[in-house]
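I hope they are handy while you have the structure open.

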Number of protein chains: 2
Amino acid sequence: MQQVTPGVSLTAQVTDMLRAAITSGEMTPGEHYSAIGLAERLGVSRTPVREALQLLEKEGIVRIEKNRGVRVLQISLDEIVQIFQIRILLEPPAAARAAEMVTKHELAHFRELHGRILDAAAADDGPGTLQADKEFHLFLMGLAGNPRLTALDGELRNLVLAQGLVTIPSIRSSQDLADDRRGILDALERQDPLAASAAVREHVTRTARLLISGVCAKTPGLSSDAYLAKLDQLTKLRT
Amino acid sequence: MQQVTPGVSLTAQVTDMLRAAITSGEMTPGEHYSAIGLAERLGVSRTPVREALQLLEKEGIVRIEKNRGVRVLQISLDEIVQIFQIRILLEPPAAARAAEMVTKHELAHFRELHGRILDAAAADDGPGTLQADKEFHLFLMGLAGNPRLTALDGELRNLVLAQGLVTIPSIRSSQDLADDRRGILDALERQDPLAASAAVREHVTRTARLLISGVCAKTPGLSSDAYLAKLDQLTKLRT
DNA sequence: TCAGGATGAGTAGCATGCAACAGGTTACTC
DNA sequence: GAGTAACCTGTTGCATGCTACTCATCCTGA
């Protein structure tokens with residue numbers, strides 16, 4: 001965990017650093033930490049750490065336990081499903097709108113981002129792939145013209161990423177995800193809202209399925225069927 | 001603004017009290033306040049107030065300006081539209097799921113809540129109506145079995161309520177909203193997901209239209225057409 | 001041996017002190 | 001009189017002291 005740089009709000013810096021520490025696995029879910037200890041590790045006082053922890057608690061990443069310390073939340077499979085249920089509600093319509101609105105210039109940027117994902121993946125650069133993927137999604141959501149939606153969705157994605165569950169189970173799955181993105185890009189190029197929506201939905205659903213199966217495989221006695229079924233619970237209707 | 005009660009976390013209490021003060025119009029959007037002043041009014045020290053303000057800032061209700069104080073954010077019409085765009089994505093599917101899942105017991109509770117809304121409205125009890133309406137919505141969303149979705153949607157609703165824009169423009173509109181709720185209740189009674197979804201969508205859309213028209217009417221030179229059109233932008237497609 | 005209470009270590013929650021900073025006002029210089 | 005610099009007021013940001021609380025351990029007494 002690095003040290004702080006003066007000039008910027010400490011609370012904000014500490015929030016980011018703690019979030020990064022959790023995402024990177026430096027702080028592990030389920031573990032207990034104390035604000036005092038974290039403050040010492042970061043070389044700041046307890047106050048900004050405490051405030052950062054409260055913000056992270058509001059995000060749902062940690063839980064503050066009175067007089068006991070703070071616990072990095074182990075997100076449950078149930079919650080993963082909840083998050084993806086929401087993402088499946090939000091992202092496909094946003095992608096459809098994006099496909100309607102996208103300009104030539106923005107398409108070029110999409111191609112570049114897509115290239116960066118492929119390059120990073122080819123170079124086996126996990127964090128790089130993740131970062132490029134993040135930017136791809138953010139840019140896509142941004143085109144829907146609803147900044148609040150973009151921010152919201154980004155937070156939901158962060159929540160899952162914070163778990164360090166991002167280890168793609170297999171080459172095959174990784175290839176599938178890449179194909180999905182290709183499909184999204186194609187739909188955007190054709191400015192086809194329905195196709196974009198479907199492609200994004202497919203992509204998000206696949207990501208969710210991979211995560212769910214992965215967690216279930218690691219946890220004996222846990223069947224993925226119920227969770228997989230729940231995924232489409234809110235979206236199975238054509239309302 | 002009432003005083004605090006011991007035993008519960010001050011920060012949490014202060015957060016709620018400030019939110020309530022904003023919603024009730026006691027603190028007005030656009031106005032400047034200081035943490036010191038608020039702390040004195042509430043009879044607590046600056047720390048819990050400061051922490052509460054940071055949480056409210058994360059919710060998007062206020063902005064903390066360094067060394068200048070805090071400003072209750074005047075939400076723009078654009079942002080109102082954004083919020084309702086999201087709500088229209090989230091609430092109808094949740095209502096559909098709720099209609100599938102609702103039990104007799106829960107239906108009875110719905111009827112009671114609905115009755116409370118009507119009673120409060122008949123008694124011209126604005127805050128009471130609001131509170132009952134809030135509970136009605138929360139309970140409805142809760143039935144969808146996705147607590148995170150419920151919380152998220154509640155926050156979006158709060159954001160609009162925080163503006164004190166809740167003055168229903170006319171008796172007629174108020175009657176329309178009541179009819180909407182009746183429709184939602186009916187759909188639930190029939191356990192008809194499609195009808196519930198449509199009713200909720202109608203209700204949310206109507207609320208949004210009322211707000212948009214209201215704000216435009218109060219702001220000379222502002223046409224509501226563009227904003228109204230944007231409302232359905234993300235949902236016009238059957239994806 | 002075991003139950004139960006005392007105790008101590010560690011924690012968060014809150015109050016408060018202090019410094020840095022922004023903005024407006026005043027006073028001073030030219 | 002105009003422009004600028006000093007200052008004064010009010011504010012947040014952060015550090016730190018103190019209190020109340022939780023939990024685990026140990027000690028006591030039967």
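1. Let me begin with helix 3 of chain A, which supplies the largest share of the surface near DNA strand D, 3 residues. "Near" here means that a heavy atom of the residue lies within 4 Å of the strand. Helices (H or I, at least four residues) and strands (E, at least two) are DSSP runs, numbered from the N terminus.

2. A word on the basis: this is a predicted model, in which local features need pLDDT of at least 70, side-chain atom pairs count only at pLDDT 80 or more, and totals for chains, interfaces and linings use all residues. Residues are numbered from 1 along each chain as its sequence is written, chains are lettered from A and ligands numbered from 1 in the order in which they are written, and side-chain values use heavy atoms, leaving out hydrogens and water.

3. Both protein chains take part around DNA strand D. At least two residues each come from helix 1 (10-23) and helix 3 (46-59) of chain A, and from helix 2 (35-42) and helix 3 (46-59) of chain B.

4. The side chain of A:Thr47 places an N or O atom 3.0 Å from a base nitrogen, and a polar side-chain atom of B:Asn67 is 3.1 Å from a base oxygen. At the backbone of B:Ala35, a polar atom sits 2.5 Å from a phosphate oxygen.

5. Turning to DNA strand C, helix 3 of chain B gives the most to the nearby surface, with 3 residues. Helix 2 (35-42), helix 3 and strand 2 (62-65) of chain A, as well as helix 1 (10-23) and helix 3 of chain B, each supply at least two. Of the 19 residues surrounding DNA strand C, the closest are A:Ala35, A:Arg50, B:Leu10, B:Ser45 and B:Arg46.

6. For DNA strand C, the side chain of B:Ser45 has an N or O atom 2.4 Å from a phosphate oxygen. The bases are reached too: A:Arg46 has a side-chain N or O atom 3.0 Å from a base oxygen, and B:Thr47 has a polar side-chain atom 2.9 Å from a base nitrogen.

7. Which parts of the DNA lie within 4 Å of the protein? Sugar or phosphate accounts for 64% of such atoms in DNA strand D and 67% in DNA strand C; the rest belong to bases.

Definitions and conventions
A polar contact is a pair of N or O atoms within 3.5 Å; within protein, one must be able to donate a hydrogen and the other to accept it, and residues adjacent in sequence count only if both atoms are side-chain atoms.
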